[in-house]
Amino acid sequence: MKSMESLLTFSLWTLIHCLDFVKAAAAATLSIQPSRSVFFFYETVTLSCAVPGSFSSWTVKRNTSTMSSVSCETWGLLHGSSCTIKGVYPSDSGVYWCESDRGECSNTINITVATGLILQGPAVPLTEGDSVTLNCSYKEKYAKESTSNFSAEFYRNGAFIEKRSEGRLRLIHVSKENEGSYKCEHPTKGESPEIWLEVTARAPSTTAPPPPPPHPPPPLMSLPRLAYTIFLFMLFTGILILYISMCKS
C-alpha cells in the first residue's frame, strides 16, 4: 500500500508539472518494454517516446522518491527518443513520461521494482472489451528465472476474487467494473505489491451504417390489368379487320 501511495504522489506532481500542456499530451505517447508495470530486480526496461509529426525534441523523464523531473541521461542509456535501464533497482520505482524541449508532456507510466512476489499487469490502460492475463510470479533476488507454477489467490480492492492453481488470472472482455487495485498472494511467500488496472471507455464508432437496400421498382402494370389490356387490343383489332373486310365487299 505504501508503494501505491508513493506512486500516486509522484503522479500528482507530474500532473501539476505538465498542467499547462495537457492539450499537447496527444503529441507523444510513452510505451514500455516489457509491457508491464512491475519488475524484478536487475531486469532490463526500455521506455520509448512515439512522436508522430512533431518538430520538438523529446526525452524520457521520471519522478522517484529521491529525484524529480530528471532526464534519461542521468539514470539510463539514451537512444534517440528511447531510454533503457539495464538492471532496474527499487530506486528506479516511480513515474515516467516523455517531455519536449517546450515542456509538453505525454501520458505517464508507473514503474515498481520489487523482489520476491509480484503481480505482472499492463502498464497502460485497457479499453473496454479487451482481455488481459495477470501473472503472479515469484523470484528470489539473485535467481535467473521466475515462476508462476503455484497456487495463488487474487484480490481486487482488498476483496478476494478467486484462487488459481497456475498463478494466472485471465480477465475476458473487461469493463469499468474490472477497474481497480489488484494483488496476489502466495501460499507461503506473502503477497505482492498492488498494481492499478485502468479501463477506459471504447470510443464510439464513427463509421456510418450502410444504407438500406433500395426498394425494387413497382411493376409497370399489374397482371390482371395487363391481360385486360391485351384482350381489348385483340377485340379492337378484330373489329377493325371485320370493318375493313365489309368495306371492300
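Both Cys 136 and Cys 184 are buried, where buried means under 20% relative accessible area, exposed over 50% and partly exposed in between, computed with a 1.4 Å probe on protein chains only. These two cysteines form a disulfide with their sulfur atoms 2.1 Å apart; the term covers a pair of cysteine sulfur atoms within 2.5 Å.

The model is a predicted one, in which local features need pLDDT of at least 70 and side-chain atom pairs count only at pLDDT 80 or more, while totals for chains, interfaces and linings use all residues. Residues are numbered from 1 along each chain as its sequence is written, and side-chain values use heavy atoms, with hydrogens and water left out.

The protein chain has three helices and 19 strands. Helices (H or I, at least four residues) and strands (E, at least two) are DSSP runs, numbered from the N terminus. Of the 249 residues in the protein chain, 37% count as buried. The accessible surface of the chain comes to about 15,400 Å², and 61% of it belongs to carbon and sulfur atoms; accessible areas come from the Shrake-Rupley method with a 1.4 Å probe, and for residues only the protein chains shown count as cover. Among contacts in the protein chain with a separation of 6 or more, 60% are accounted for by residues 24 or more positions apart, a contact being heavy atoms within 4.5 Å.

The structure holds three disulfides. One of them joins Cys 49 and Cys 98, with the sulfur atoms 2.1 Å apart. The torsion about this S-S bond is -105°, and the link of Cys 49 and Cys 98 is left-handed. Cys 49 lies in strand β3 (residues 44-50) and Cys 98 in strand β8 (residues 94-100), so the pair ties together parts that are 49 residues apart in sequence. Cys 49 counts as buried at 6% relative accessibility, and Cys 98 is buried with a relative accessible area of 0%.

Another disulfide joins Cys 72 to Cys 83, with an S to S distance of 1.9 Å. The torsion about the S-S bond of Cys 72 and Cys 83 is about 85°, so the disulfide is right-handed. Cys 72 belongs to helix α2 (residues 72-75) and Cys 83 to strand β7 (residues 82-86), and the pair links distant parts of the chain, 11 residues apart. Cys 72 and Cys 83 are both buried.
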